[in-house]
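Hello,

Here is the structure I promised to pass on. Please have a look, and my notes follow below.

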Amino acid sequence: MHKTIPGCFFHQMYSSLTGILMERDHMKDLRRYLALKYLQYLVLSSCTAASTALGVLGSLYTLLTLQSAKVSSKSTAVLIASLAKADLLVLLSLALQVAVWSPGTGAVPAAAALAQNLLLANAHLSCALLSCVALEAYLITFLPTQSRHLRTVRNARGTARLLWTLVAAECALLQMDDVLSASGTPAPTQGPLALLLALPSTAAALLRSLSYSLGILLRIFNVYIYYKIFFSMSNRCRIKSR
C-alpha cells in the first residue's frame, strides 16, 4: 500500500499542473516567449547567462504548453515548437562543458570546441526560425487568402527539418575544422590530399565570415516585417475608431 503513495502523489502533481495550464491564456504565453527569444537572439548583441537561462526555462515551459489540447496544431505552433527544441542544443553544450571542466578531467579540445559549436548552431537555428515566424505573421496580415496554401503544418515541418539539417551540417563542418586545427599535425602542401584537407578550413572560414552579415540581414528583415505589421494594425484601429 505504501508503494502506491508516490505514484498517486506524482499523478496528483501532474494533474494540478495540467489544470493550471488549461486555465492560462496560452496565446499570451506564446507571444511572451517569442518576445523573449527576439530579445535574446535579434536584439542583444551577445547572449548573457541570465538571458540564456530564461530562454531555456521559457522553452521548457513552451514545450509543455504546446501539449495542451487548447493549443491548435497550426504551422506557427510547429515553428515555435522547433524553436523551443533548439534550446536542447544549449543543454547539451552545458553538459559537455561540465564534463570537460569537471575536477580530475583535463580539457579536451574537441569537446570544448563542440560545446561552442552547439551554442553557435542554437543561435543560427533560433534566428532562422524566428525569421520564419515573422514571415508567416506578414503573410497572415497582408496575404491571408493567397498564402493559405503555403501556411500549412506540412510546409512548416518541412521548413523546420531543412533548417535543422543545414545547421547540423554547419556544426559538423566547423567541428571538423576545429579538430583538424587542434590536432597539430602538419598538413601536406602539395597533391590532392592537400586540396582535400584545405576544403573544411576554407568552408569554415567562409561560414564564419558570412554569419555576421547574415545576422545583420535577419535583424533588418525582422524589424521591417514587424514595422509593417505594427503600422498596418495601427491604421486599421484608427479607421475603426472613426
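**Around Asn-222**

Asn-222 lies in helix α8 (helices are DSSP runs of H or I, at least four residues, numbered from the N terminus). This is a predicted model, where local features need pLDDT of at least 70 and side-chain atom pairs count only at pLDDT 80 or more, while totals for chains, interfaces and linings use all residues. Residues are numbered from 1 along each chain as its sequence is written, and side-chain values use heavy atoms, with hydrogens and water left out.

Is Asn-222 buried or exposed? With a relative accessible area of 4%, Asn-222 is buried (under 20% relative accessible area, 1.4 Å probe, protein chains only). Leaving aside residues up to four places away in sequence, Asn-222 touches Tyr-38, Leu-42, Leu-130, Ser-131 and Ala-134 (contact means heavy atoms within 4.5 Å).

Leu-130 also belongs to the next part of the story: the largest nonpolar core has 33 residues, and Leu-34, Tyr-38, Leu-66 and Leu-130 have the most contacts inside it. Such a core is a set of buried Ala, Val, Leu, Ile, Met, Phe, Trp, Tyr and Cys residues joined through side-chain atoms within 4.5 Å. The largest share of this core, nine residues, comes from α6.

Finally, α2 and α6: in α2, Leu-34, Lys-37, Tyr-38, Tyr-41 and Leu-42 meet α6 residues including Asn-122, Leu-130 and Ala-134. By class, this contact has nine nonpolar, two polar and one charged residues (Ala, Val, Leu, Ile, Met, Phe, Trp, Tyr, Cys and Pro count as nonpolar, Asp, Glu, Lys and Arg as charged, and the others, Gly among them, as polar).

Best wishes

Conventions: Buried means under 20% relative accessible area, exposed over 50%, partly exposed in between (1.4 Å probe, protein chains only). Helices (H or I, at least four residues) and strands (E, at least two) are DSSP runs, numbered from the N terminus.
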